[in-house]
Amino acid sequence: MQQESGRSTPNSKAGEATDVRERILETASGLFYREGVRAVGVDLVVAAAGVAKTSLYRYFRTKDDLIAAFLQREDEDFWRTWDEVAGRYRDDPAGELQAHMDWIGERVGRPNYRGCPQLNVAAEFPQADHPARQVATAHKLELRRRLFDIAERLGVARAEILAGQLAVLINGAFVSSPILSAAEAKDLLQQAASALVQAAR
């Protein structure tokens, strides 16, 4: 039977809820990244998103939960790109590593790049048990795990050391973005990664 015009269905309500939650998260993510997490209050988020404060708290119990959701969103975006690149180099670890240095260098060289969101938030919240810091820590551990996998496939003698060096290189590039031009970030990463691999061999 056809639904009466204007009547909400369960699916439409679920869609509206998803839209509101996404609008809040999208708005908060932009503000958090540009202004810093501590500088952005809930009132600013709801005003910019055009929603009631009760709507925000319906989807995010606290500001900490909203911050953690922002980092989780950034985490998923980062690994989505990583997986897309890795999928093109399944049997070529050296090529995969250089390709990762390529897209990470391009990211670091963006004019509006303000550094790694996980590192930025971790710097603002030193408490190890803070929800956002836990997401940030998990992200960095996953980065090192993936680099270790590449190092093992490269067949170097001490894969764990190479993975650690590469993690320091990448994280160093993230925090050095203000002093790196768009043209040099990619080349610096690629050349440094190649030098580390050669030394490990």
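**Close-up views of a helical chain**

Helices α5 and α9 are roughly antiparallel to each other, and therefore count among pairs with an angle over 145 degrees. This is a predicted model, in which local features need pLDDT of at least 70 and side-chain atom pairs count only at pLDDT 80 or more, while totals for chains, interfaces and linings use all residues. Residues are numbered from 1 along each chain as its sequence is written, and side-chain values use heavy atoms, with hydrogens and water left out.

**View 1. The whole chain has 9 helices and 0 strands.** Helices here are DSSP runs of H or I with at least four residues, strands are runs of E with at least two, and numbering starts at the N terminus. The C-alpha trace spans about 70 × 45 × 35 Å along its principal axes. Of the 201 residues, 42% are buried (under 20% relative accessible area, with a 1.4 Å probe and protein chains only).

**View 2. Helix α5 (residues 93–108) meets helix α9 (residues 182–200).** Their axes come within 7 Å and cross at roughly 150°; axes are lines fitted to C-alpha atoms over the stretch in contact, and angles run from 0 to 180 degrees between N-to-C directions. On the α5 side, look for residues including Leu-97, Met-101, Ile-104 and Val-108. Their partners on α9 include Ala-185, Leu-189, Ala-193 and Val-197. Contact means heavy atoms within 4.5 Å. By class, this contact has 8 nonpolar, 4 polar and 3 charged residues. Here Ala, Val, Leu, Ile, Met, Phe, Trp, Tyr, Cys and Pro count as nonpolar, Asp, Glu, Lys and Arg as charged, and the others, Gly among them, as polar.

**View 3. Helices α7 and α8 pack at an angle of about 130°.** Their axes are 8 Å apart. That angle makes α7 oblique to α8 (oblique covers what is left after under 35 degrees for roughly parallel, over 145 for roughly antiparallel and 65 to 115 for roughly perpendicular). Among the residues that meet are Leu-143, Leu-147 and Phe-148 in α7, and Leu-162, Leu-166 and Phe-174 in α8. This contact divides into 12 nonpolar, 2 polar and 4 charged residues.

**View 4. The largest nonpolar core holds 61 residues.** Such a core is a set of buried Ala, Val, Leu, Ile, Met, Phe, Trp, Tyr and Cys residues joined through side-chain atoms within 4.5 Å. Leu-66, Trp-82, Leu-97, Ile-104 and Leu-147 touch the most other members. Helix α4 gives the most to this core, with 11 residues.

**View 5. Leu-66 has contacts beyond its neighbours within four places in sequence.** Among them are Ile-24, Phe-32, Val-45 and Phe-60.

How values were computed:
Buried means under 20% relative accessible area, exposed over 50%, partly exposed in between (1.4 Å probe, protein chains only).
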